[in-house]
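Biologist: Could you take me on a close look at the aromatic pairs here, and then at what lies around them? I would enjoy one connected walk through that part.

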Amino acid sequence: QVQLVESGGGLVQPGGSLRLSCVASGSIFSINGMGWYRQAPGKQRELVASIRHDGTPVYADSVQVRFTVSGDNAKITIYLQMNNLKPEDTAVYYCNALGFKEYWGKGTLVTVSS
């Protein structure tokens, strides 16, 4: 089993920045990819950014350039640096890991509002 714990969410004004963190524990040796998803009220969960097993980052078109995903080589922690935040970025952000199966954190709320 893999446990994922997110942190760093909060309230920020449009144009502001936040940095999300996700710490993995448990069977981290089994992880071959990690990423961030988000779910806005009334919408489906969607991929925001991920890091492939070879280290290649992947981004949703809506966050390209504004967001940066990074992680440590031990696959213990993954980060999401979010800049120039917009109201439409408001959502619960979930950490995701792929190993023997798919794992999810409980999520952290990001609210972008003036």
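Modeller: Rings of Phe, Tyr and Trp (for Trp, its six-membered ring) pair if their centres lie within 6.5 Å; planes under 30 degrees apart count as stacked, over 60 as edge-to-face, and the rest as tilted. By that rule, the structure holds two aromatic pairs. Phe29 and Phe100 have ring centres 6.0 Å apart and planes at 70 degrees, so this pair is edge-to-face. The pair links distant parts of the chain, 71 residues apart: Phe29 lies in the loop between strand S3 (18-26) and strand S4 (33-39), Phe100 in the loop between S9 and strand S10 (102-104). Strands here are DSSP runs of E with at least two residues, numbered from the N terminus. Both Phe29 and Phe100 are exposed, where exposed means over 50% relative accessible area, buried under 20%, and partly exposed in between (1.4 Å probe, protein chains only).

Before going on, a word on the source. This is a predicted model, in which local features need pLDDT of at least 70 and side-chain atom pairs count only at pLDDT 80 or more, while totals for chains, interfaces and linings use all residues. Residues are numbered from 1 along each chain as its sequence is written, and side-chain values use heavy atoms, with hydrogens and water left out.

Tyr37 and Trp104 also form an edge-to-face aromatic pair, with 5.0 Å from centre to centre and 70 degrees between the planes. Here, too, distant parts of the chain are linked: Tyr37 belongs to strand S4 and Trp104 to strand S10, 67 residues apart. Tyr37 counts as partly exposed because its relative accessibility is 22%, and Trp104 is partly exposed at 33%.

The charged end of Arg45 sits over the Trp104 ring, 4.6 Å from its centre; the criterion is NZ of Lys or CZ of Arg within 6 Å of the ring centre and within 35 degrees of the ring normal. The charged end of Arg45 sits over the ring of Tyr94 as well, 3.8 Å from that centre.

Both members of the Tyr37 and Trp104 pair are touched by Asn96, whose contacts also include Leu4, Met34 and Glu102; contact means heavy atoms within 4.5 Å. Asn96 is in strand S9 and is buried, with a relative accessible area of 4%. Its side chain makes a polar contact of 3.0 Å with the side chain of Glu102. A polar contact is a pair of N or O atoms within 3.5 Å; within protein, one must be able to donate a hydrogen and the other to accept it, and residues adjacent in sequence count only if both atoms are side-chain atoms.

A search of the whole structure finds one disulfide. The link of Cys22 and Cys95 is left-handed, with -85 degrees about the S-S bond. Cys22 sits in strand S3 and Cys95 in strand S9, 73 residues apart. Cys22 is buried, at 0% relative accessible area, and Cys95 is likewise buried at 0%.

Technical notes. Helix = DSSP H or I, 4+ residues; strand = E, 2+ residues; numbered from the N terminus. Disulfide = S-S within 2.5 Å. Lists of a residue's contacts leave out its neighbours within four places in sequence.
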